[in-house]
Amino acid sequence: MTRRHLVGYTDEWSVVGGDEVTVMLSAHDELTAHVDLVRLGVGERGGRVREEHIRSYPDVRVRPATTWTGSCVRIRMDAEIPVRRALAATAFLMPTMPGGRAQIVFAHGCEGAEHRWRLGLDAEGRPFWTVVDGADRVTARGRSPLVAGAWYALAGGTAAAGGAVVVAQPLPRSPAWRAGASHAVMPSFGEALGPSARCVARSPMFIAAAAAETADGWDDCFDGKLEAPALHDALVDDRLVDALADGLQSERELVSWHLGVNEDGPPFVGSVIPARLSERLVGADFADLAGECLNAPTRCVTGRRWRGVEHDFRRVPEEYGAAHFHSDDLDDCRWDPAAQVSLPPALPSGVYALRVTGDDLVDRLPLFVRARRPSSDVALLVPTASYLAYANDHPASDGDLAEAVAGATPVLRDVDLLLHEHREWGLSCYDVHVDGSGVVHSSRRRPVLNMRPTHRYHVGEWQLPADLQLVAWLAEHGIDIDILTDDDLDEHGSQLLAPYRTVITGTHPEYTTTVMLDAVEEWLDAGGRLVYVGANGFYWRMAYDREQPWMIEVRRGHAGSRAWESGAGEVHLQSTGELAGLWRHLGRTPQQLTGVGYAAQGFDRSGSYRLLTDSRDPRAAFITAGVPGPTFGGDGHIGGGAAGQELDRYDLTLGTPRDALLIATSKGLSANYRRCVEELGFTVAGTSALDDHRARADVVYHVRPGGGAVFSTGSIAWAGALGVDPDVDRVTRNVIERFRDPAPLDW
Amino acid sequence: MTNDNGSSMPSRRRRDRRDRDVDVLELFLERRRDRLAALVTGPLIEEHRHRPIGDHSPGLAAVLVAMREQPVAGKLALYESVADREWQVIRLAGERATAHDLSGPDHHSSLADALHAVFVQRLVEWGLAGSGR
């Protein structure tokens, strides 16, 4: 039985007053929903949200919406492909989880169509070729299952003696070093008598899936890599299979599709999959057989020819001819719009939501409303890229280590059960795909149920709910802010920040593009003043997808505090070509930018801070004015203190400016707080905060040569202490007030 | 176990493809159970009751490390059945889209009690404590 729910998403997150917003909604059953625009405050643990009603919109009818997950390529065919001898379908493939269910590599015709064919792996992992022609039907099935991690040439078609045949021939130079191919890889072959395949007009062709009976849908998706799928006018015989396995182009090839790297890029890949037509098809009725890539398979991945020498797809594009398809990929739920709403033209900048209520259910779809023109000298940079990286994470349900990381048994809430049961709403960049490979893409065109004010992570407030504590506190203290988002910063660069003297970060701005990092640096160099009220920020390089900017791309590489590792040779971003990973390994440490950088994480209980000598430095005395000391920050919503969750540290060896002032450091952290893995060359005992002085949070202040300044709290939990711990309030207010004052900072 | 030839050797297919890491894991779990059995005492259980989260004695910390690193399939967890007021001991499915088992009767009105209930239930399931402890 489907759990009761009412969920939705909007086409955009970052908007301005007067914008039209398209709303997509779904529910467990048909219902009528009321839609209100509200200004968001804090979401309380009990489920109440402190929010201000702005306006109501007409009720909408909500129906259960279908989401088609799984990446694939759809090819619309206008005319029948002429075949003289026999149609053969081929592809190179590396399955990653053969067996358990049928998976389609190449298919023509909807399920139930009069004429259709399928090339794929059956539920035992064996290759099969099925042709259905009216009442006639045949399936040729290979005898041996294919081996995960091994490359094969796969062909299905007509045998020399007539009838259907399927062959999976292992490739001689498979790069088995990464593979699960730890046992013998054998050919797999099967024959059966029956009808021959055709490609009829107005019947779609799919790569890595098959068209479902329902209009526009697809299923039986493939998990693994595919390269150079092709159709031939040829019998499937030794000549064809040997030519494929040897890497030779069949002289009888009709058309093939290029899933690999665009050698003339950037862009290195796109959603259009180009078709290479043979001379026989050029000029026929085939204006184009280009495919449409759906649900974002991982591109720029190692192919059958990869030798393990070059790891940058731009240098050897011919070795990166594959795409990695996953049955749980998702780039867009593609639901029909339920409503289109107009935002009030004079809507002040702020964090809002479209609140959708019906049948005792509620969902809030956040909207980050920018100012049309700067309306304050202070901006809050909402870390929407980081929200996306965590979107619909399943730590408690899927993560073997979630409890160890948290230092406590995870507590699940209704939304966690809903997310666990509705996998069609997609994964986060902290999840792995069903085949164990890391999730590279995350899209906002789906319900993102952990980006809701009342959401609590298994470790407490995280991302938006934590940032709303900051937003609410700023409002309570009369500090007007303009809202900006990562999406805007990536689009506009430092120009976006230029009007603001002071910019405040979110609590966990972990992911940045190169453009974003450049922009913050340029703005600081021009005199900007940054209040970094968080930790583990400016940590990973990521990218926005160029064609689908509602989607981010993360490649974790092989180091850092990581939920998964990239495959060998797959650390360059398909969106930009850049080497991905931690900024500290790319020559731009967070310490250089903010004075602090990732040091440790814990989560069971938060600690407090102890003031240090530099807090009395006359240049920094304004920061702790009114704080009696020697300690502060011993209370808060997040773990009961201001120093907690993830922590950043002052470290001259990693780039903290030598003249930076170390104002305060954490105290009272538990043994569950441990040094970050990227700093541990060897695994030794004694890396907890009880044993290692480098597992800590630091408050650091620094004025840059151009007059710009950075104040860093070194802790995600800081925002949770706002409004709870008077000294944390005082320090935060002191810094923001002084930063807003145009008078030069003493240094 | 014998095969068709009367031999006690496993079949070739089974011999070739089985992951032998499981053999080592079984040995390891046996050894660890013995080690933990020596640590689990009444005072250790009381220590957890008083302080389910945070720093613990070396003995309790060792027991918690073993509990926390269990694979997610069948692992005990908590479900907040009434927001901020009631917590239920549940068992995780470990399989995507398969509902977690919420059929257990164990509900608690404080999070600390619920955390301790999970701790005790795990000890019982490992044979390291009686169900009455």
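At 42% relative accessibility, A:D359 counts as partly exposed in this predicted model. The residue sits in the loop that links strand 26 (350-358) with strand 27 (361-370) of chain A. Most residues other than glycine have a negative phi, and most peptide bonds are trans.

A:C300 also has a positive phi, of about 55 degrees, although it is not a glycine. This cysteine belongs to strand 23 (residues 298-301) of chain A. A:C300 is buried, because its relative accessible area of 1% falls under the 20% limit.

| Peptide bond | Omega | Location of the second residue |
|---|---|---|
| A:G265 to A:P266, cis | near 5 degrees | A:P266: loop between strand 19 (253-257) and strand 20 (272-273) of chain A |
| A:P266 to A:P267, cis | about 0 degrees | A:P267: loop between strand 19 and strand 20 of chain A |

A further loop of chain A, between strand 24 (322-325) and strand 25 (337-342), holds A:D332. With a relative accessible area of 13%, A:D332 is buried. A polar atom of the A:D332 side chain lies 2.8 Å from the backbone nitrogen of A:R334. Leaving aside residues up to four places away in sequence, A:D332 touches A:Y9, A:N295, A:S443, A:R445 and A:W550.

Methods
Residues numbered from 1 in each chain as written. Chains lettered and ligands numbered in written order. Predicted model: local features only at pLDDT ≥ 70, side-chain atom pairs only at ≥ 80, totals over all residues. Heavy atoms only, no water. Helix = DSSP H or I, 4+ residues; strand = E, 2+ residues; numbered from the N terminus. Buried < 20%, exposed > 50% of the residue type's maximum accessible area, 1.4 Å probe, protein only. Polar contact = N/O pair within 3.5 Å; in protein donor to acceptor, adjacent residues only side chain to side chain. Contact = heavy atoms within 4.5 Å.
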